[in-house]
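Reader: I would like to go through this model term by term and ask what each label rests on.

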Amino acid sequence: MLLQNKKIAIIGGGPGGLTLSRLLQLKGADIKVYERDLNKNARVQGAPLDLHEESGLAALRKANLLEEFKNNFLPEADRTTIINEKAEIFFSDHETKKAGKFGDQHFRPEIDRGVLRRILLESLKPGTIVWDSHFTSMEKQNEGWLLHFKNGTTAYADIVIAADGANSKIRPYITDIKPFYSGITMLEGNIYDAKKSVPQVAAILRGGKIMAFGNTKNILMGQKADGEIGFYASFKTDANWAVNSGLDFSNKEQVLDWFKKEYFEWSSIWYELFENVAGPFVPRLIYCMPLDQTWEALPNLTMLGDAAHVMPPFAGEGVNMAMLDALELSETLTSNEHNSLQQAISFYEINMRKRAAIMAKESLDNGEKMHSPTALNDMLNFFSRH
């Protein structure tokens, strides 16, 4: 077994890193996950996730966690309403969409990010997660790596796997290829107790998803657990918008004034989102890895998820690709088909890059469609066909 007597360090405790940890532990591997958060409750999690049969759900099935997922997913959060900037409804499948069945390739059940993280965390052996471990650097030591963390601690690992997201600090040890800016920025906000805080929007949302299109701009949102919703104002701009906007993203009034100016054709219904947001807004620049990226495999270092192939969110594939990475990497590392770790890692990375490039292209194309002058009609045509 390639992993026999090997200490494995996974950097990052997101869905990809935790799924890999679970899958490798089931095969008896020695795993530590180094996560920068102080504890499991340190962060508000982002938008809900829809998992796909052939990727995210396949990984959970292999991890023996599908039943736990079924007990915790949001049954009607996959219902979609498409509206224009005036909040006029053009499409809704709330009444027509049949309850999905697990095993159906078209069923994409939604789950709250925080809930999925909890399921994965609770599936791991006690002591697997080393909290408050913000990775800063590493150096070669013996056949492996000596890891350094911001809190002054160090740790040795024979194999390091980067699951530390789009701004991965480990990726540069593998390749100097950098992502490119897609031309789209999203401004993220969260609403608590949505029915009470934003009644007009909640009445349209109805526990599902809203996609609103108007004048090359979007508002996208989805139901989260405990009555919370996450929303994004999404628009084309340059990569320096957040810095040059002059906005204080913790100042609701300032951001609302910006919205009224930039989304001036949009209904006042949307104002309640900006007036009742919980915590500061978060500007998110949407990046994508080059579709033709390649590098030489290393014998003791690899990566998965956004660290390997960050892509726009407009096809719902990011978390699914990360969890499929975890599934394929775990199976490659624990199979008897490869003569060395480097050969196994190379096999995984070649396949991972190929399929990620296909999904990234789809995500980029969808992003262009959703921010075009014909976005509303394009998306109506898409949903009517599906």
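This is a predicted model: local features need pLDDT of at least 70, side-chain atom pairs count only at pLDDT 80 or more; totals for chains, interfaces and linings use all residues.

Reader: What makes helix H11 count as largely enclosed by the rest of the structure?

Author: A residue is called buried when its relative accessible area is under 20%, and because 14 of the 17 residues of H11 are buried, the helix is largely enclosed by the rest of the structure. Helix H11, residues 318–334, also reaches 24 Å from its first C-alpha to its last, close to the 24 Å expected at 1.5 Å a residue.

Reader: Why are E5 and E16 called edge strands?

Author: The open sheet is built from seven strands in the order E5-E4-E13-E14-E15-E12-E16, with mixed pairing; strand E5 (89–92) and strand E16 (282–288) each pair on one side only, and are therefore its edges, where pairing requires at least two bridges.

Reader: How do you know that E13 and E14 pair?

Author: At least two bridges are needed, and strand E13 (residues 209–214) and strand E14 (residues 217–223) have six, in the antiparallel sense. Within this pair, Ala212 stands opposite Ile219 in E14. Helix H13 (residues 375–385) lies across E4, E5 and E13, running at about 155° to E4.

Reader: Which residues touch the most other members of the largest nonpolar core?

Author: Of its 75 residues, these are Ile8, Leu147, Val160 and Ile161, while helix H12 (residues 341–370) gives the most to this core, with nine residues. A second, separate core of 33 residues includes Ala194, Val201, Val277 and Phe281.

Key
Residues are numbered from 1 along each chain as its sequence is written. Side-chain values use heavy atoms; hydrogens and water are left out. Helices (H or I, at least four residues) and strands (E, at least two) are DSSP runs, numbered from the N terminus. The expected span of a helix is 1.5 Å times one less than its number of residues. Buried means under 20% relative accessible area, exposed over 50%, partly exposed in between (1.4 Å probe, protein chains only). Contact means heavy atoms within 4.5 Å. Axes are lines fitted to C-alpha atoms, for helices over the stretch in contact, and angles run from 0 to 180 degrees between N-to-C directions. A nonpolar core is a set of buried Ala, Val, Leu, Ile, Met, Phe, Trp, Tyr and Cys residues joined through side-chain atoms within 4.5 Å.
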